[in-house]
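Have a look at the sequence and the structure first, and then read on.

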Amino acid sequence: RSMIRRTYDEKGVAYASQLSLANVLDLERIIDWDEANGIKFYRITSDLFPWASIHGISNMPDYQQIREVLKRCGDKAKKYGQRITCHPGPFNKLTSPKEHVVQNTITDLELHGEVFDMMGLPRTPWAKINIHVGAHYNDKRMAIDNFCNNFKRLSPAVQSRLTVENDDKASLYSTRELYEVHERIGIPIVFDYHHHKFCDGGQDEEEALLTACMTWGDVKPVVHYSQSRSEEHNNPKIRANAHSDSYWTPINTYGLDIDVMLECKHKEFGLYKMQELLKAS
C-alpha cells in the first residue's frame, strides 16, 4: 500500500500511518505464510512506510502499534528460523559527489536499520541491507573513496548489516573490484550470478563466487540467482540482463553452504521450479 506525493500532501502523516500499519500487519501474515510453506528466506519490501523519509517512522500516530507488530514479526522470524533481509532501491548512492544525494541515501538506509532494530533482528549481515556501489561518475577511484568514506557516516544499525552487490554492466563494479571495498571497510559481498555474466572482472563464476563468500566471516553468505529473460523468451529485443520469469537451469553452488535469493519475476512459482530442477539434477 502506497500513495503518490499529491495524496500524501492532501492526507498527510495520519493516512501514511494507516497504510504503514496495514503493511506491517501484512508482513506478519507473510512470515506466517512462509513458515506454512517451508520458506526460510525472505526479502521484505522497502515500501512498508510510504513517505517515511519525510516524516520519520516514530512521528506516525500508529507508531506504538507498528512497533508491537514489527516486534512480533521479528520474534516469529527467529522462532521459525527465517532469515529476513532487504534490498533498498537503486537511488541509494553513497558514491555520489552531491551531498544531498548522499544525505537522502543515508536517510533511506537508516529507515531500514530502524525497522530491523524494531524487529529485533541481529546487527550482522545475517539481516543484510543490500545495495550497489552502482555509479562511477567517470572516476571509479573517487566513487569508491566516496562509498567508503560515506559508509562511516552510517549508524551501527546500518553499518553492521550493509552488504554490496556486483553490477550487471561492464563499466560498473565486478566482484573483484568490490573486494577492495571489503578490504577497506569490511563490508560483505553479495554475489549475483546473472550480473557476473555481464561484468566478470576477469574471474570465472566459481572464482568470483568464492571471492564473495570469503568476505562473510562467520555469517552464511547470500547470493542472488536469476537467468536471462531474453534467452527465456527467445527474444533478442529484450535486454539480456533483464531477469527471467522462472528457471530452466539449476543453480550451481560449487558445494558451498550459501543462502540463495531467487530474483525471478514469478516469485514463489520460480522457487517451486528451482526445487524441481535441483531434485532432478
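The second largest pocket holds about 470 Å³ of space. Of the 24 residues that line this pocket, S46, D47, F49, D108 and L111 are the closest to its centre. A pocket here is an open set of points on a 1 Å grid over the protein atoms alone, where a 1.4 Å probe fits, with protein on both sides within 12 Å along at least five of seven lines; lining residues have an atom within 4 Å of a point. Its volume is the space filled by probe spheres set on the points, which are joined across faces, edges and corners.

Please keep in mind that this is a predicted model, with local features needing pLDDT of at least 70 and side-chain atom pairs pLDDT 80 or more, while totals for chains, interfaces and linings use all residues. Residues are numbered from 1 along each chain as its sequence is written, and side-chain values use heavy atoms, leaving out hydrogens and water.

Helices α2 (52-55) and α4 (99-119) each supply at least two residues of the lining of the second largest pocket, and α4 gives the most, with seven residues. Helices (H or I, at least four residues) and strands (E, at least two) are DSSP runs, numbered from the N terminus.

The largest pocket has about 1500 Å³ of space. It is lined by 48 residues, and R43, M261, L262, E263 and K267 lie nearest its centre. Two or more lining residues come from each of α1 (5-36), β1 (41-44), β3 (129-132), β7 (259-262) and α11 (268-280). The most come from α11, with five residues.

Now to a pair of helices. The axes of α5 (residues 140-151) and α7 (residues 175-185) come within 10 Å and cross at roughly 35°. Axes are lines fitted to C-alpha atoms, for helices over the stretch in contact, with angles from 0 to 180 degrees between N-to-C directions. In α5, K140, R141, I144, D145, F147, C148 and F151 meet E177, E180, V181, R184 and I185 in α7. This contact (heavy atoms within 4.5 Å) has six nonpolar, no polar and six charged residues.

K76 sits in helix α3 (residues 63-80). Leaving aside residues up to four places away in sequence, K76 touches E28, I31 and D32.

Overall, the protein chain has eleven helices and seven strands.

Conventions:
Ala, Val, Leu, Ile, Met, Phe, Trp, Tyr, Cys and Pro count as nonpolar, Asp, Glu, Lys and Arg as charged, and the others, Gly among them, as polar.
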